Amino acid sequence: MKSFTQHTGLVVAMDRANVDTDQIIPKQFLKRIERIGFGEFLFWDWARRDDGSPNPEFELNRPEAQGASVLLARRNFGCGSSREHAPWALEDFGFRVIIAPSFADIFYNNCFKNGMLPIKLTENVVDELFGRVAEYPQYQLTADLQTCTLSDPHGFSMPFAVDAFRRDCLLHGLDDIGQTLEHEDKITAYEQTHP
Amino acid sequence: MAMPSSENSPRTLFEKIWDNHVVHAETDRQTILYIDLQLVHEVTSPQAFEGLRLAGRQVRRPERTVATADHNVPTTDRSLPILDPISKQQIDTLRNNCQEFGIQYYDLDDARQGIVHVIGPELGYTQPGMTIVCGDSHTSTHGAFGALAFGIGTSEVEHVLATQTLLQNKPQTLELRVDGQLRAGVTAKDLVLYLIGQITTDGGTGYCVEYTGEAIRALTMENRMTVCNMSIEAGARAGMIAPDEITFDYLRGRPFVPQDFDAAVAAWRQLPSDAGARYDKSLIFDAADIAPQVTWGTNPGQVVAVDATVPKPSDYADPTEQKTAASALDYMGLAGGERIADLQLDRVFIGSCTNARIEDLRAAAAVAQGRRVADRVNAMVVPGSGQVKQQAEAEGLDQIFTEAGFDWREAGCSMCLAMNPDKLAPGERCASTSNRNFEGRQGKGGRTHLVSPAMAAAAAIAGHFVDIREWK
Ligand code: SF4
């Protein structure tokens, strides 16, 4: 698994709630049997006009969003399908941090497995960050997983909560399966008592 | 971390199943939870099998793993080759992986093939008290049997294949109690759409839902599956219903149930939540308040009664909700304020793991019998499995549908997610018995309204939505 310790990057604001995984990566791209190369299909339907040309209105297509690696969105980000292709596409596109008031459970979990950090903050703080993106050109945020703080160069600093185990795995890029297999004796014992 | 509940204090159904599957728990660590059954399909598994191969790992319990192809399969004549080479490759990959790792696979030419959430219960793999996972969010369907069943990502699919366990944080419990009786014409689909409308599309996030109450107890097994299926549309990790005689009667005699069925039933009877067991949250509803439901927007929580009008953005106080409603209306080609019954349809889709079991098809056929699909409407029926198809044909339902002008298809997910050639054209408006009305879900630019099977059939015939309670 990929590790994550600290990341500073350009923020793109996506002022939308309930962004579902069908939007993040539409089904026609789920036919591939590889794990890589999904970035170019990210938000396919929103990013293109009907004739296939780039949609200049779409958040990620705007000039000021080029090179963004921190995604700021509204509540319930990543709802819908369990497809891990969604975090694969976001990560492949270049995102390392996603900030929202809430995430759908499966998506949230899938992010950690792919070296991306989803950060939950209150609606108020998220509102403030939307304001800051609008206020400061080329607005950047730094997410530090060691100290669990999110900060910017203009005086914003906010702690965020993350499950200790997931934090540990992400900081050290630990392989979940390898970790579980360290307890293989317990799995075997369980199987013997629960045939 | 929450400590495991004591076996002596009253426990919920969820807690009993959870406690019974803990392999290892320690403070500040996710629990290692044993998984009894993993269901596998072609779309979310190739990378998991590839991961196993790269790490030189085996499938720990191939006999606890069952696979079929459903998402990406054609629903036209099965004797013809699959035209899309990438779809074909994905299905071939699953077949090869199952062979390599010794996993039971139901192939396209097998009558037992079908949507994974339809065939698991149908074949008796799904049983009360089990932990069940699948790389698919609608795994919550299996909770209808009193199982703890939830969707996982591909990395987790690989984790379960390799270890037969999963790392989990214990979810909180949410009781959704529906008292009283559903009114005539109101179905399980309406019930669950109503609940999602009430608690909203993320109201269940972080929870395992248990549906309780008289209206839930009265549902048939297939209807219970419809309800649990859509738990994820409220954001819930899982949805479950306590097993009872209806559950046991459904399972008795199915191919993969325990050999000593009576002993199994005796154990399953211990599963329902104890009197006095506490949920983290409980919400109570009255079945009599529920009318047939129709979604108007682009998430399943954007739903109203069939005799209502489409809301306007100004009906909402919160600015984010206003914006969400405005963009949903825009996508749906609606202004707000239209009567639901005035919405004209181009397509009707009866299918999916929500509503493509035999009872669903019977309900739709009862409405369609002796009628004709409206000229402007293209309607299709896609059975949930090969066995559902056979049963429907034995009952003559296919005749009723085809005589009425519905297209009768082979089993699969089909236009529920439109990964195969079955899809909406941009701007087409569709009444669908599936579970997601997301933008583009049934085809780019397609406009989906979620309804029950009877409502979908009636809409096909009338060419617009009708209140099934007034259908003669
Ligand atoms: S029928 Fe639809 S929701 Fe169900 S498994 Fe298939 S694609 Fe998913």
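At what angle do helix H12 (residues 358-368) of chain B and helix H13 (residues 386-394) of chain B pack, and how far apart are their axes? In this predicted model, the angle between the two helices is about 40°, and the axes lie 10 Å apart. Since angles under 35 degrees count as roughly parallel, H12(B) and H13(B) are therefore oblique to each other. Their crossing is right-handed. On the H12(B) side the contact is made by Ile358(B), Leu361(B) and Arg362(B), and on the H13(B) side by Val388(B), Gln391(B) and Ala392(B). By class, four nonpolar, one polar and one charged residues take part in this contact.

H12(B) also packs with helix H15 (residues 453-462) of chain B, at an angle of about 30° and with the axes 8 Å apart. H12(B) and H15(B) are therefore roughly parallel to each other, and their crossing is right-handed. H12(B) contributes Asp360(B), Ala363(B), Ala364(B), Val367(B) and Ala368(B) to the contact, while H15(B) contributes Pro453(B), Ala454(B), Ala457(B), Ala458(B) and Ile461(B). The contact of H12(B) with H15(B) comprises nine nonpolar residues, no polar residues and one charged residue.

The largest pocket has a volume of about 790 Å³. Its lining consists of 31 residues, and those nearest the pocket centre are Pro195(A), Asp36(B), Arg64(B), Gln127(B) and Met130(B). In chain B, helix H1 (13-21), strand E4 (65-68) and helix H10 (261-268) each supply at least two lining residues. The lining of the largest pocket is made up of 17 nonpolar, nine polar and five charged residues.

Methods:
Residues are numbered from 1 along each chain as its sequence is written. Chains are lettered from A and ligands numbered from 1 in the order in which they are written. This is a predicted model: local features need pLDDT of at least 70, side-chain atom pairs count only at pLDDT 80 or more; totals for chains, interfaces and linings use all residues. Side-chain values use heavy atoms; hydrogens and water are left out. On a 1 Å grid over the protein atoms alone, a cavity is a set of points where a 1.4 Å probe fits but cannot get out, and a pocket is an open set with protein on both sides within 12 Å along at least five of seven lines; lining residues have an atom within 4 Å of a point. Grid points are joined across faces, edges and corners, and a volume is the space filled by probe spheres set on the points. Helices (H or I, at least four residues) and strands (E, at least two) are DSSP runs, numbered from the N terminus. Ala, Val, Leu, Ile, Met, Phe, Trp, Tyr, Cys and Pro count as nonpolar, Asp, Glu, Lys and Arg as charged, and the others, Gly among them, as polar. Axes are lines fitted to C-alpha atoms, for helices over the stretch in contact, and angles run from 0 to 180 degrees between N-to-C directions. Angles under 35 degrees count as roughly parallel, over 145 as roughly antiparallel, 65 to 115 as roughly perpendicular and the rest as oblique. A crossing is left-handed if the near helix is turned anticlockwise from the far one by less than a right angle, and right-handed if clockwise. Contact means heavy atoms within 4.5 Å.
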